[in-house]
Amino acid sequence: MKRGALIFGLAAAMAGCTVGPDYQRPDIAMAPAFRSPMAATPLTASPVPQTTGWWRAFGDPVLDRAVERALEGNLDLAQAVARVSQSRAAAAVASAAKLPAISATSSATGTMQSLEGQLGNIFSRFPQFERNNAQFDAGIGASWEIDLFGGLQRGNEAARAELLASTAGIIGARQMIVAEVADAYIQLRAAQGRLAIAVALEGSDSHLRDLVAMNVRAGLAPRRDLDLAEAQLKETQSRIPALRLIAEVQMNRIAVLAGQSPEAERTDLEEATAIPSGASVSLGLPADLLRNRPDVIAAEQRLRAGNARIGQAISGYYPKFSLSALLGLQSRNLSALPTASAGTATAVFGLRWRLFDFGRIDAEVASARGREAELGAAYRLAVLRAAEDVENAAAARFEREAQLVSMSAMVQSLERSVNALQAAHGAGTVSLIDVLGAQRQLSGARDAAAQLSGEVSRAAVSIARAVGA
């Protein structure tokens, strides 16, 4: 740093300025609205995002209880709370550094002088020489570093920003937990629904296989028809273990999210119910993500802390001033310690200046600026990824709903076809094999519809998580 600039900066700091750049939020270009056709009115903005209870819109009391258990017992959330406690303590330390420190001291010292040593050999010849000595001290001291150039202030700013980042981490953990529980619950109910369809289809395929076997034995059908019917039955049976596995995995997932062992009681989950549906969360505006997404909030607070660390490093160029004082009592006789004659006082005005260490300070400032640049890029990336999450979730919800509408119409058409075939079979114009084949096609469509219904509900969960609800 040039000497003239240093002198000017010193003069400015003496006038009460805090060195280092003041934080300004990076200017990030945000689209006026999301591209998705689902884009609607913005969410109610709040400086601190809150878990809104959006999952209650599913109207499923079992899901509500699962979420409540997870919010009470989740261990990821417990870790986030512990991290906030650490950050709060660090912020308290940084804030206390700006205040005077007061301490009390006392001591009692006893010494015995060697008679063979150099001093003892000399002083022992004097008649008033005392080989054994005692000294008693008591005092109160105070010290204060005058934050003339704002180094301590910048450190305090950084610590407070890191505390806010940790606090946002708690909110983010809560949102993640709720979304994970809801997603696992929806997958569980979808698997159970598809399992019921597969079990019903297994019965239908088994009946078809038996009919074909009778026809083969009667010489009315070739052997390949029986092989085909047998293959269809085995294919249906192979789905059942896979669907049971999905259900088991999701129940284990819900238990662990609640901080419980997978063997915990889960009767309410094992009893199959309908796939929850109907929940919807407004996309809001892209700018809302800056206020509602905990990861974006945390990224900005870390950037704010990095900016403050630059000022903290720059303060190393300037001298540090301190005041310290000591009021105490000192006496060789304990009984004389409380008297006025034992009083002692010291006052010190200190100055410390790393005058010939500017090369190291330059490196510290450069490191702080590099860290701030890294955090700035991380913040911009967090904003972009947040917008990407919303767009992807909204697109998934929109397209899955369109698929579900088409599949539901297909199911209705196949149901009418099966009903017509059953009536024709009653009239003797259509074989039972034709009816069972149509029922198999209907079961496949119902399975696809159940899977799509689950995907639509999961997309609603993804939207809630993406917008920071």
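## The largest pocket

The largest pocket of this predicted model has a volume of about 500 Å³. On a 1 Å grid over the protein atoms alone, a pocket is an open set of points with protein on both sides within 12 Å along at least five of seven lines, and its lining residues have an atom within 4 Å of a point. Grid points are joined across faces, edges and corners, and a volume is the space filled by probe spheres set on the points.

The lining of the largest pocket consists of 26 residues, and Gly172, Gln175, Met176, Asp295 and Arg465 lie nearest the centre. Two or more lining residues come from each of α3 (75-96), α5, α9 (294-314), α10 (358-426) and α11 (432-467). Helices here are DSSP runs of H or I with at least four residues, numbered from the N terminus. Helix α5 gives the largest share, 12 residues. By class, 12 lining residues are nonpolar, five polar and nine charged; Ala, Val, Leu, Ile, Met, Phe, Trp, Tyr, Cys and Pro count as nonpolar, Asp, Glu, Lys and Arg as charged, and the others, Gly among them, as polar.

## Helices α5 and α6

Helix α5 (residues 151-217) packs against helix α6 (residues 223-257) at an angle of about 160 degrees, and their axes are 8 Å apart. That makes the two helices roughly antiparallel, a term for angles over 145 degrees. Angles run from 0 to 180 degrees between N-to-C directions, and the axes are lines fitted to C-alpha atoms over the stretch in contact. The residues of this contact comprise 23 nonpolar, six polar and 12 charged.

## Cavities

There are two cavities of 30 Å³ or more, a cavity being a set of points where a 1.4 Å probe fits but cannot get out. The largest cavity has a volume of about 70 Å³. Its lining includes Arg69, Met251, Gln260 and Asp268. Helix α6 contributes the largest share of this lining, three residues. The lining of the largest cavity has five nonpolar, one polar and four charged residues.

## Salt bridges

The model has 25 salt bridges, each a side-chain nitrogen of Lys or Arg within 4 Å of a carboxyl oxygen of Asp or Glu. In one of them, Asp22 pairs with Arg154, with the closest N and O atoms 2.8 Å apart. Asp22 lies in the loop between α1 (3-14) and α2 (61-73) and Arg154 in helix α5, so the pair ties together parts that are 132 residues apart in sequence.

## Basis of the values

Residues are numbered from 1 along each chain as its sequence is written, and side-chain values use heavy atoms, with hydrogens and water left out. Local features need pLDDT of at least 70 and side-chain atom pairs count only at pLDDT 80 or more, while totals for chains, interfaces and linings use all residues.

Terms used. Angles under 35 degrees count as roughly parallel, over 145 as roughly antiparallel, 65 to 115 as roughly perpendicular and the rest as oblique.
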